[in-house]
Amino acid sequence: MMPEPNSYRPIISGATADDNAMACLELGLKMFDAQSRGAPAAILIEPIISAGGVIVPPQCFMEGLRTAADERGMLLIFDEAQTAFGRIGESFGAIYHGVVPDIMSVSKTLGGGLPLAATITSCAIEQDVHDKGFSFYTSHVSDPLPAHAGLAVLRTIANENLIERAREMGDYLRQQLETLQQRHEAIGDIRGAGLLIGVEIVKDRQTKVPHHQLGALTTELCFELGLSMNIRRRAERGAVWRIAPPLTVSHDEVDRAITILDQALSESVDKLARAS
Ligand SMILES: Cc1ncc(COP(=O)(O)O)c(C=O)c1O
């Protein structure tokens with residue numbers, strides 16, 4: 001496992017996002033090389049680390065991974081289960097970062113709700129896999145029903161310009177969250193790409209100590225008020241709302257969500273203050 005390039009919680013305090021990311025890369029590779037028996041297989045990464053707290057690695061980190069993989073004869077694999085097909089305002093995380101992996105895995109968004117996944121690779125790797133007699137089966141391999149759903153998803157994304165829409169609505173949602181941040185000290189960081197946004201909840205912006213209790217209480221209150229929020233709570237990674245609305249989300253829906261979030265945050269802060 002590599003240290004993640006989290007610019008809000010850098011491993012070198014005061015370092016720029018790029019310097020911090022390159023330090024994470026160097027440390028991770030040193031740890032890896034020290035433990036490797038000399039036959040490494042692959043580097044596997046989500047282009048945006050989603051459930052891990054919506055961490056967007058800088059481009060130099062992803063380029064560094066490509067170089068590191070090439071130098072060691074390893075494959076670079078992008079897990080694009082959450083980042084593919086428009087959510088991040090680009091068709092793929094690979095396009096977002098401008099880095100070409102050897103293998104990409106896609107699922108979730110491809111089936112639009114139906115179970116559908118795919119592995120995308122180069123002709124050379126496919127041929128190698130074939131020559132070595134590798135085969136993979138599941139009951140639904142090449143199932144025409146989810147495959148048609150996948151085609152419909154791809155057509156809809158293209159016909160309704162959903163990639164562009166994710167970019168525009170992501171910008172809008174981010175602006176509204178930034179306005180909310182001006183009123184709530186607890187909103188420590190807002191990050192992400194397109195309609196995959198992370199909001200980190202802290203005790204105060206100076207210390208950046210994660211406020212797990214406030215995150216949990218606000219999430220509960222949001223739900224009662226009609227807004228489903230997904231919070232990631234990990235001691236080492238903070239309390240982070242992972243916000244990923246449908247790509248078709250409207251301005252009115254974003255406004256309503258922000259109003260609920262505003263109310264829920266204020267009431268939760270008051271409630272915790274009264275309890276202490
Ligand atoms: C980044 C990532 N990779 C892989 C998976 C697993 O995908 P699937 O359930 O389609 O195998 C998930 C599911 O949550 C995911 O978020």
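Author: Begin with strand S6 and its partner S8 (residues 238–243): they run antiparallel and are joined by 5 bridges. In this pairing, Glu200 has Val240 of S8 as its bridge partner. Bear in mind that the model is predicted.

Reader: What holds strands together in general, and in which sense does S5 pair with S6?

Author: Strands of a sheet pair through backbone hydrogen bonds, either parallel or antiparallel. Here S5 (residues 187–193) pairs with S6 in the antiparallel sense, over 6 bridges. Arg191 faces Gly198 of S6 across this pairing. S5 and S6 make a hairpin with 2 residues between them, and Gly194 in the turn has a positive phi of about 55 degrees.

Reader: Which way do the residues of S6 point, and are they buried or exposed?

Author: In a regular strand the side chains alternate between the two faces of the sheet. In S6, Leu196, Gly198 and Glu200 point one way, while Ile197, Val199 and Ile201 point the other way; all are buried.

Reader: What is the strand order in the open sheet of 4 strands?

Author: The order is S1-S2-S3-S4, with mixed pairing. Strands S1 (42–45) and S4 (118–121) are at the edges with a single partner strand each, so one side of each has no neighbour in the sheet. From one strand to the next, the twist averages 20 degrees. S1 pairs with S2 (residues 75–79) in the parallel sense over 4 bridges, and Ala42 stands opposite Leu75 in S2.

Reader: Which helix lies across S1 and S2?

Author: Helix H2 (residues 59–72) does, running at about 160 degrees to S1.

Definitions and conventions
Residues are numbered from 1 along each chain as its sequence is written. This is a predicted model: local features need pLDDT of at least 70, side-chain atom pairs count only at pLDDT 80 or more; totals for chains, interfaces and linings use all residues. Side-chain values use heavy atoms; hydrogens and water are left out. Two strands pair if DSSP finds at least two bridges between them. Axes are lines fitted to C-alpha atoms, for helices over the stretch in contact, and angles run from 0 to 180 degrees between N-to-C directions. Contact means heavy atoms within 4.5 Å. Buried means under 20% relative accessible area, exposed over 50%, partly exposed in between (1.4 Å probe, protein chains only).
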